[in-house]
Structure formats: C-alpha cells, structure tokens
Amino acid sequence: MSYKLQFSSILLVLLFFASTGYTQAQTVSGLVTSAENGEPLAGITVILEGTTTGVATDIEGEYNIDLNSDQFQNGVLMFSGVGFIQQSVIINGRSEINVQLETDINLLDEVVVIGFGSQIKEKVTGNISSISASEIEGVPINSLEQAIQGKAAGVFIQTNNGKLGQGIQVRVRGSASVSASNQPLYVIDGTSVTTANLSNTSAATNPLADINPNDIESIDILKDASAAAIYGSRGSNGVVLITTKSGRAGVTQFDANYAVSTSEPAGNKEWLNGDQYLELFDEAFANSSTDGTINGTLFGFTRDGLYDTFIPGWDQGYNTDWQELAYQDNLSHKFDLSASGGDDKTRFRVSGQYNGQEGILIDNTFDRISGRLNLDHTANDKVMIGTNLNVINTINNRLSSDNAFSTPIQLVALPPVQRPYNDDGEPSNQTVYDNGLLFRDGATFETTVFRALGNAFINYEPVENLILRGEFGADVLDQNEERWFGSSVSQFTGAARGAADNRYVRVVNINSQAYANYIKDFAQVHSIDITAGLSTQQVETDVVSVSGIDFPNDFFRQVGSAATIDGGDATVTTYTFTSYFARANYSFDDTYLFPVSGTVDGSSRFGENNRYGFFPSASVGWIISNENFLEDVEQISFLKLRASYGFTGNAEINNFQSRGLYGAGAYGGSSGLSPTQSPNPNLKWETTKQFNVGVDLALFSDRVTAEVDYYNKNTEDLLLNVNVPATTGFTTQTRNVGALENNGFEFVLTTRNFVGEFNWSTTFNFGANQNKITNLDGQVIQGNFVSQAVEGEPIGVFFGREYAGVDPDNGDALYYVHSADGKDYNAGTTNSFNGANRVVIGDPNPDFQGGIGNTFNYKGFDLNIFFQYVYGNDIYNGGGTFQSANADFFDNQTVDQMNRWQNPGDITDVPQARLLGGNGTGESSRYLSDGSYLRLKTVTLGYSLPQSAVDLLSLRSARLYFTGLNILTFTNYDGWDPEVNTDFTASNITLGTDFYAAPQPKTFEIGINIGF
C-alpha cells in the first residue's frame, strides 16, 4: 500500500508544477498537416533549433511556441515526426507558420536492431520480426512475453497457467532440443539477461516478469541463422533483442498513466451439484465390481458407512461450489510516470512504475516497483557515452504447484456434499481430501526479488566512418523464497507445530564487449558495413537454504524461531562464455546484398577437446524493385528476394556436465568423497543448421506489404543422457547423440485500408512448423503422463492406449488393439486396458498459429482489436483420470459423467459408473482433446481529448482508454483453458498437458494517459 501512496503523491506534485506555465513576448503558432492528404498531424515535434525549447502538435495538428524577441526574428523551427521527413523553417518574425510534412513513404527505411548494431529493414537479408512499443503498451499483463503473443510469425508463446509470476514457454520456429533449453536468448540494451527458472518448487518462476513492458521501445526477434549466428552457441533457439526507450533532444516532456483493472477466469468447467453427485455415486456403489462387493457392501462397508467414512457430512444437504471458492475478488492498480528530453549534447529518459496485481486465485498477488534511467551524452564530435540502468523490486505471493491439494484449483476435487467451513467460519478439515482453503490463512509463500540491470557504453570515432564501441553490462538478481506452514495445515506437511523454509539465490551476470564498426560508400555503387569484436559473459549463481520445524505458535514464522533446524544447504556454480565475432555486409548499387558473419565461441560447459566452436552464416539479397525493368511498374514499390544459410548452437545445459565430478558426504562418521559423474572431454554444443528463403513485397506506395518465408532447421549432436555399462561405475553419461528437424512456412501481411480522417490498418501473421526427431540412437525418452520423445515423431508426442468408447452391451470401456506399428485397426477392440498396446495418440505441437489485428482511428477515437489463434495441437488432461472417471473414486466429477452407460443398448462414450472399478480410467486417448483455439486477445478503445479541453487542464495531451484481455475464447477443449501446460511437469517433452492448471485471466482495465 505504501508504494501506491508514494507514487500517487509524486504524480500529484508533478501535475501541480506542470500546471504552472510562463509566457514570452512573442508566440509562433500554426498548423502541421500531411502533404499526402492534407490531414492534421498530431504528435509532431516542433523545436527551436539549437535549444531545448519545443512543443508537440495537438490532436488537431496545431501548435503554439513562445519565443523571445531575438528568437522570433532569427530563429529556425524544426518539424519532425516518426514516418515523416524532417523540415526546417526560418521564422523571420512571422507569428503564424503552417507546414506540410512529406511522408517518409519507404517504411523499409525503418531501422531494425540486429546483433551488435542496427540496419535499415530494406537491406536485411535475414528473418527478423519487429514489434513496436505501440503494440505492447497498456496491455494488462504480468510479463512482457504475453504482450507479443501471436504478434510474431513463427514464435509460439504459451503461459503455463493463470498464476501470477509463473513460467512462460517461448518457441522460435519450433523446439530445437530434447534436453537442453528451448527458450531464446534475451538481450536488453546489449546485455544478455538472466531468464532461467530460479524456483525452489516444480512451479517455475519467470525473471522476465521483473521487466516493465512500458519501458520498451522495440522488440526484435532474430529467427534465422543469418540474423542469429553472430550470437553463436546461444542462437539456435532465436534471439530476442529488447531496446528500451531513450530520450530525444527537445523540451522535457512528462507522461503519466494510471490504470485499474479486475480479472475473472477466462474459462470454467461444469461440475456435479450435490444431487447429481449422490445420484451418480449411489449408482456407482451399486455397480461396484464383484471383487469388492459382497452382500451389498463394498470392502465391508455399507453404502452409508462408506459415505460416512470418506465424505462425512454427505447427508446434511450441502451443495458447495468448490470451483467458485478457488477464486478471489481482485483489483489491480498500475502507475507509470516518465520524463524525457535533452538537447544536442545530453538526452535522458527517466521512468518509474508501480504495478500491484491481484490474481484470480485466492492469495495470489504480484507487486512490482521499478525505476529506469537511460542517459546518453555527446562529449564532442568523436565521443559519446551513455548508460541504461533499471532497478526493480518484485514481491510475488505464490501458490503451490498444480499437483498439490493446497493449490486453489484442486478444491474442485472435493465433493459438493461437503461443507467448506465449520460453524465458526474456519475451513473444515473433514473433507475427503485436504481442504486447500486451510492454506488461505494457514500458510504463506512469498518470493521477493531485488534486481539491478544495466550497462554503460562509450562510442569513439577516431576517423570518419569508423566507430569503436565498448560496453559493460550487469544483471544482478537476488531472489528470496520464504515459506511458512502453520499448525492448521499439518495434514499437508506432517509438522504439527509448524514448519518454515527459506531459500536465497543470487545470480550475478556480467557482460562485456568491445567491437568496431566501419561503414563506407564508395564509387557511388559500393557499400560496406563491417563489424568485428569480442564479448565475454560470466554468470555465478549462489544458493543458500535452510528449513526448520516446531514453532512456539503460529505468530512465529521465521526459521530462526524454529526449535529444530531440519535442513540446510549452500552451493555455488559458475560458467563463462567468450566470443569472437565478425560480420560484413556488402551491397552493390543498393540492389545486390551479400552479408556474411562468423562467430567463434568458447564455453566452460564443454569438454576440453571441444571447448570452442565456429558458427558461420551467409546470405544474399536481391532488391528487384531497383532494377530498370521494374522502373515503370508503379504498383510495386518494393520487392526483394533473400536467402540465407548458417550455423547456430545451443549451450543451455547444466554446468560441468563434461567434467568428472565428486560429491562430498559423511562415511563412517568422517567426511569423504565419492564419484558422481564420469567425464566426457568430447562433449560439445548442439549445432543447428538453418536454411531460409524469403520474399519481401510492398505494393501501392506501401499500402500493402507482405513477407513470405520458408525455412529448414536441422539440429545435430543433441545433448542427451545415454546409458553406459554399469561396469564403469555409472549408469548414464551426457553425450552428443541424436538429431531433430523443424520445417516451416511464415507469412506476414500488413495493409493500410483507409488513410485520412478515418484510418484503418490490418496486420496478419501466420506460422506453420513441423517438428520431427530423426535420431535418438534408439532411445525412447519418457516424459510425464503419456508424453515421450521417440525417433520419427514430433517432440513430446502422446503415447498411450487409444480409447474406443463403450461396449453398448455391458458398459465396459473399450480400447483399440493395434498392430505393432500402430497402424492396423483390424485386430478390433478389448475391454482389457493392459490388453491394448500403446501407440501415438496425439501431438501437443500446433500445426500453425498466429494473429490478426485491426486498428481504427477517427478524430480523437482509437480502437484496436487483436485475435490470436492456435490450430492443430492436442491437449492431454492428466487430471481427467480423477475429474471425469465415471465415479471411480470420491472426487467430484465433470457434469458430462451423467451421460454414463446405464442400460444395454445405450450409446455413449462414458462407461458405466463403478466405484473403485477402474472402468476406463487408465491413461488413454479418452482424456485427449483438440487444443485449437481462436482468442480475442486484446481490445483497446481510447479517446484523446481535443486540444481545447487539454489546454483548459494545462496539459500537453490526455487520453482515456479501456482495454480487455482474453475477452473471448472459441475452442473445442473441454478444460478450463486451451492455453495450458501444467507447471509441475513442464519440460521439453511434457508439453500440452493439463492437470488442475488454473485458467488464464480475463481482464478488464480502464486508465488515463496524460502528457505535460
């Protein structure tokens, strides 16, 4: 609460001072319009040349700037804006100056960020997806990845569940590894940042949730080898380059934003009510197998005796909606404030944010307070220095993993005929399973992060066209996890007088790099752009943990108050990278493009015989629209063919896997050592060879633009644990074994449908990817539930029995019997679960995914509607064997179980209800669903106040807006939410699995932006 009060006070003070102005002797005013259509232009910067005096045009394109007498007579006004050609006008004593700005019509002059530099989009021969600040600002999200979901072709993003601060999976052009990380490399302002899961539980945390999305200027995703090879052994999974907002020369401008939001589940499941529950379970008791039922009893229990034992209170008329009790009323607040400006010498931007989020699940919150300073200074005509510094504090009140009764969603397992609370209002402990409501007040799980992320740089231009740059960056992340379990939850923990544990992690990530860039045009047709340098990275991780039990009472919650310290540990680990890189871009006549790059990487993680690797790439581009034979084809404003081939690597494995390791421990009362890992001096990185061919097209003066790409990625030397003879003293060793491939197609289309007073633009992206493991050296690697990795199939395929429905004669569950290759159905069906063989029954990888967005502007109104879609993936519901098990045990059931078989001749896919009968409850395709969905991801409606109203408030601008997130979801999935991967089993292999995973939040936000 103190964060909110402090930020509100600062905001009010700044608003007060902003309302006080000054006047000068002379005022210049005017109107800025588009030379293309005569429409007024808002947000154009008008600055007096050589000074910091400046203003921005209002929504009607008008401006007023106050000057002294000398400036009024002799000054020069500079008019500039994104997408327009800058224009300078001599004032010469005029009080009214109207200007028409020419459109910088070639949007392919847009600058995109590449590794260790930037390049105009026109000359890019690799594949880079770029996302601007306007596409991610103001979206009520927990982490920046969620803001770009569905907006980059070939980039699949999936949030595991609806818990705040939890892990998010990002796949750039498919999964490139079986056991090493598949997450991309993230680089913020030139610094490779920490993104690894640091959680002490199976539910992953997400370090990227520390970053304030409103500080981001652009996100550039390097997808093919030509773009990513300069990052060498870290580029196989793609590289995400994040550039934060910086200051620009001009008058200091303040921008403030306040938003409030509330959320609800994006989806729910239907469960039995009390009457339905008793009807179904009475029937299940009567149908119990002869093995258990003797003379009307089940294992010695009568029906009433059984219910009294397992579900006490069943006969009291309770009708509890346990699902509703898993959720909390919530209200989230967000404050943002920034100031930016400067002059020709020094430019700055400083920002701060408080974001207090309350989740949809009880006791789940996430608070973030962050501050950022970006500063650069031109010391003279040869030297520029700068720094980017971000300081962050987050507090995440977390929840147990999906596989714990203490996680709120598992409340749905409890029968509706049992009450949630005792008469005294305390949660009941007389339930068939442990009542998770006891955790609401009886336990805490708080994760606190303090993080400092930043870098400093210097640019030196010793001679014309040559720039030397040095950078030093650091990402220091301190995370402290504190858990306390009171006496009221002793049935969960076994600690009658309470338990607590504390785990502290510090990750110090140091980056340094030095490189030279030489750009030269000569003979009017030749252009070269050469970059060469070196970089180093060292990461050290320190972990200290301690736990204790037996507390005086529940008011004591720190481990230091425990009577018994029952555990403790301390570890430290480190790794280093050293890279030598070079890139040369040559173009002839601005038409023929020939980039090449090469990186030599060294890593401490690999064996002494393969510590260094070489990762080259080459590409070509042909700008056909510059050819004479297209000169008269006015409809084509740009056309480029491009192709690339290159090598990238993956080094994201545990440290020291190439080394022979020893573990220390006690032996016979003394300390001792024992070997724990055999050495492999030949261990090296996984290598991905990627070919990409693409076309960039712009039509009708860039009113229509398109990108089309085909790629083939082949990954070799997979890092796997393989079995070794037990005579070595070990059972497994990490080796380079196996290969997989990804093939895909991407399409991006942008259209400017209407331009003028009414503007309408559309963006559409599509990405299709096919993944296949081509070699595992004969191994089959099992994941959780029915997931596995096997040669000839996509990674993580579902492998199990194929459900064949219900025998209409007797209500038995049936399974298909297949031939050994899984393709022959002629063998018929069987009611024996073990009599059916396991085959591939599904694939969690989507066939294609993408998004479509429409943006509308009319006068002061703006509307953005964005749909995200995923198609062709399957979801396995691991919780289905409890939730939809035709009353096999006392868990509450989904309402579709009322469609069970009851009489001979019934046609249904729900077997006869048999308590403890195991009729159709084994892991099979019965619990497999189509995971395809179309989601109305975001809707934003805004209204910018007219300048007359803004002037009355002494402001520069004001905008009111409403944003909705996850508003509608169209899907055939019968679970809570099709965007799911349960947090306690998430891995490269266990994909697309649901197990009591909370749904995504549906969020409604209203806010106000003001500028002054």
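The side chain of aspartate 906 reaches the backbone nitrogen of glutamine 902 at 3.0 Å, a polar contact in the sense of a pair of N or O atoms within 3.5 Å, where within protein one must be able to donate a hydrogen and the other to accept it, and residues adjacent in sequence count only if both atoms are side-chain atoms. The backbone nitrogen of asparagine 903 is likewise reached by the side chain of aspartate 906, at 2.7 Å. The model is predicted, so that local features need pLDDT of at least 70 and side-chain atom pairs count only at pLDDT 80 or more, while totals for chains, interfaces and linings use all residues. Residues are numbered from 1 along each chain as its sequence is written, and side-chain values use heavy atoms, with hydrogens and water left out.

Aspartate 906 is located in the loop between helix H10 (880–883) and strand E50 (928–930). Its relative accessibility of 25% places aspartate 906 in the partly exposed class, which lies between buried (under 20% relative accessible area) and exposed (over 50%), with a 1.4 Å probe and protein chains only. Leaving aside residues up to four places away in sequence, aspartate 906 touches Pro808 and Trp901, contact meaning heavy atoms within 4.5 Å. Aspartate 717 is 189 residues from aspartate 906 along the chain, and the C-alpha atoms of the two are separated by 54 Å.

Serine 579, by contrast, belongs to a strand, E28 (residues 564–588), and is buried, with a relative accessible area of 3%. The side chains of serine 579 and aspartate 601 are joined by a polar contact of 2.3 Å.

At the level of the whole chain, the secondary structure comprises eleven helices and 54 strands, assigned as DSSP runs numbered from the N terminus (helices H or I, at least four residues; strands E, at least two). The radius of gyration is 31 Å, in agreement with the value near 31 Å for a compact globule of 1012 residues; it is taken over C-alpha atoms, and the globule rule is 2.2 Å times the number of residues to the power 0.38. The C-alpha trace spans about 110 × 65 × 65 Å along its principal axes. Of the 1012 residues, 53% count as buried. Among contacts between residues at least 6 apart in sequence, 69% join residues at least 24 apart.
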